[in-house]
Amino acid sequence: MVHFNKHFQLPKALGVVMMIAFFQNSVLSQTVNTKHKFIYFPYPMDSKWRSSIGINLTTMPEDITEEFHYRIPAIDYHVNRKITNKIYLDGHVAVQILQNMITIGPRWATALSDRLSFSAGNDIGWWFGFVNVEGFKSRGNGWQNYPNASLGYRFQKNLFLSFKAEAIMNLGVQTHTGDVSVKSDERLFSGGSVTIALEQPFYKQKSLTLGFRAIYTNFYWQTWSLFENFDRNIFYPQIIIGLIL
Amino acid sequence: MNQKMFIIISAVLFFVACKKDYQAPVPDLEWDLFNSSAASKLSDSIRQKIEGVYNIEEGQAGFGVASALKWSYTITGTDTSYFLSFFCAQDVSYIICEGKRLDSSILLNGYWRKMINTETGKVQLTISAENGAAAILSGRAITSLDTIKITGFYGFGNGVPGFPLQLRHVRPINKAKPFEIIAHRGGGRSSDLLPASENSAELIRLASKFGATGIEIDVRLTSDGVPVLFHDATLNERVIQKNGLLGPIENYTYAQLNTLVRLTNGERIPTLREALNAALFNTPLHYVWLDTKFKGSIQQVRDMQKEFLQKSDAMGRGLNISIGIPDEGVRDNFLLLKDYAITPAVCELSLQDVAVTHAGIWAPRWTLGLQNDEVNDIHAQGKKAFVWTLDTPENIEQYISKGNFDGMLSNYPSVVAYYYYAQQ
């Protein structure tokens, strides 16, 4: 019996998001107090900029790293820039020095009720890395695309809960090892991820983001240097911690 | 509302956080026509005429544009089973069939697999009399005027094959320059969902079906000094079934491991002797790379290497066995052997270390590039160069077409076999 689903559970996750939205009777749009700070929460921006800095920790699966279970932290800078009332740009930089990724994409966000809000967007990402130590002369880079949708729920006490679902589209990987360069084919359905993020006041005027992201993908950019070929989605749990500036 | 939402979100998180259990079991290979009493085994000469490079005329979506077909065999007791392997580049796919003659046709019955995922299924193929079987079954040699066409169907899982597959012979397989196709860990990793666990005697018996002409196996010592095959530094669920045992394999006696530990597919951890017996007596493999994963004296491994080389010579089998030198510690222990200068070895260190150890094979890591100048230097010394461990098909193609290596270690020997045998 073959247990394989190339197309991941993303449609189901998105379905849940949409179902919650439809269950809301009230679609009154009410303003969230501007003193509240959040960056994952999908809501129209009232300030020009907002940003956060923190770390994300992704556990590498044994299918890829075998006996070595490691979790290398990436410095995580997240920034939003307001464009119009309901549209903003979402930018993200993850830095591990030897491998790094930058994503950017537009978001359309709207309030569905006084507590519920929703956003949809699409991020394009580029990663690059290099390993030049004993036994390795490798570098690589690649493009990824992430269509996404988020649902947010505001609790009474400045507590913002966000649920984000996104598809992962691998637009190709180029690697160089010594004098050999190769480009791998794109995989448009390369998996997806769901994120749950909690945002709340933390210290003085600062707020904190605590998040968990469940990534199911056949290629995760932080594993490029292992040159794996798997076309089955593997689970990468990720912890997100951020200080909203 | 809050409760509802928490329940929904919790349920979604629980759902997405569950780890998938991937499997790719070999399908049931029942085919009444193939198993009928009227079908008979193929002779050596008939089998040889089927080998070759074939264009795939139907079924390219599944297997790509071409395939290299080559026979291998497994010996069990006095019985020898022959298998025709179809090596394809696309999605690291292969087909493994047995062949029989039925009247004036040749039947090929087996299964296919894509190593990059879990897709697999049945394959039922025929070479009819008019599509070349008449020429193959005749006593004469095949010429370029003969057309050999293999037609039939493949399916998914245990489903009835219903997708057309058609291949046409275009040329003989390349054998111009000898090239060692070395399967990692006895045939591949457990994470590739093969029918047997990595570093098991069962997998060694399958390796040549996947295209391997040689194997690399990982050797460790138990606490009572028995050389066994095991890759990881500690017992863990990546390679063994859950049993509560922890820690380095070197902490356990062979009897304890034999009694309490089973590999992921249920096999016992094999001793080095069992592994070498499998390679020598059950397969056509002609190279074994013993990757030394332990510290301390390697005299016992050297003695076993010598014993099996003598057995191979006595049988006329031509099996070569090299002791791996992966690091300076093993190199120093290797140099303590009285006869190190004549001990067949494969050295992963510098060219200087190759010279010091008198290793016959230099084995650099592939991530350093082709290193053609260094490989040419090694050739000038009458030695060989094997590169490790390449798994990306695009890189395998580049290293075979542009490199000067004499062999390649891979978890996907079928891809190496395709690019080597299909080379013009």
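In this predicted model, helix H8 (residues 272-282) and helix H9 (residues 299-315) of chain B cross at roughly 20°, with axes that come within 11 Å. Here axes are lines fitted to C-alpha atoms, for helices over the stretch in contact, and angles run from 0 to 180 degrees between N-to-C directions. Residues are numbered from 1 along each chain as its sequence is written, while chains are lettered from A and ligands numbered from 1 in the order in which they are written. Because the model is predicted, local features need pLDDT of at least 70 and side-chain atom pairs count only at pLDDT 80 or more, whereas totals for chains, interfaces and linings use all residues.

**Helix packing in chain B**

- The angle makes H8(B) and H9(B) roughly parallel to each other; angles under 35 degrees count as roughly parallel, over 145 as roughly antiparallel, 65 to 115 as roughly perpendicular and the rest as oblique.
- H8(B) and H9(B) cross in the right-handed sense, that is, the near helix is turned clockwise from the far one by less than a right angle.
- On the H8(B) side, Leu272(B), Arg273(B), Leu276(B) and Leu280(B) meet Val301(B), Met304(B), Phe308(B), Lys311(B) and Ser312(B) of H9(B); contact requires C-beta atoms, placed from the backbone, to lie within 7 Å.
- That contact of H8(B) with H9(B) has six nonpolar residues, one polar and two charged (Ala, Val, Leu, Ile, Met, Phe, Trp, Tyr, Cys and Pro count as nonpolar, Asp, Glu, Lys and Arg as charged, and the others, Gly among them, as polar).
- Helix H13 (residues 393-402) and helix H14 (residues 413-421) of chain B pack with axes 10 Å apart at an angle of about 40°, so H13(B) and H14(B) are oblique to each other.
- The crossing of H13(B) and H14(B) is right-handed, and the contact joins Pro393(B), Ile396(B), Glu397(B) and Ile400(B) of H13(B) to Val415(B), Val416(B), Tyr419(B) and Tyr420(B) of H14(B).
- Seven nonpolar residues, no polar and one charged make up the contact of H13(B) with H14(B).

**Strand pairing in chain A**

- Helices (H or I, at least four residues) and strands (E, at least two) are DSSP runs, numbered from the N terminus, and two strands pair if DSSP finds at least two bridges between them.
- Strand E4 (residues 99-111) and strand E5 (residues 116-131) of chain A pair in the antiparallel sense over 11 bridges, with Thr103(A) opposite Gly125(A) in E5(A).
- Four residues lie between E4(A) and E5(A) in their hairpin.
- E5(A) also pairs in the antiparallel sense with strand E6 (residues 138-154) of chain A, over 16 bridges, and Trp126(A) stands opposite Trp143(A) in E6(A).
- The hairpin of E5(A) and E6(A) has six residues between the strands, and Gly135(A) there takes a positive phi near 90°.

**Backbone points to check by eye**

- Most residues other than glycine have a negative phi, and most peptide bonds are trans.
- Ile97(A) is not a glycine, yet has a positive phi of about 65°; Ile97(A) sits in the loop between strand E3 (87-95) and E4 of chain A.
- The peptide bond from Trp388(B) to Thr389(B) is cis, with omega near -25°, and Thr389(B) belongs to the loop between strand E17 (384-387) and H13 of chain B.

**Confidence**

- The predictor gives the complex an ipTM of 0.85 and a pTM of 0.89.
- Chain B has a mean pLDDT of 94, with 95% of its residues at 70 or more; pLDDT is the predictor's confidence in each residue, from 0 to 100.
- Chain A averages a pLDDT of 85, and 86% of the residues score at least 70.
- Over residues 1-30 of chain A pLDDT stays under 50, and the model has 58 contacts beyond four places in sequence for them.

Definitions and conventions
Contact = placed C-beta atoms within 7 Å.
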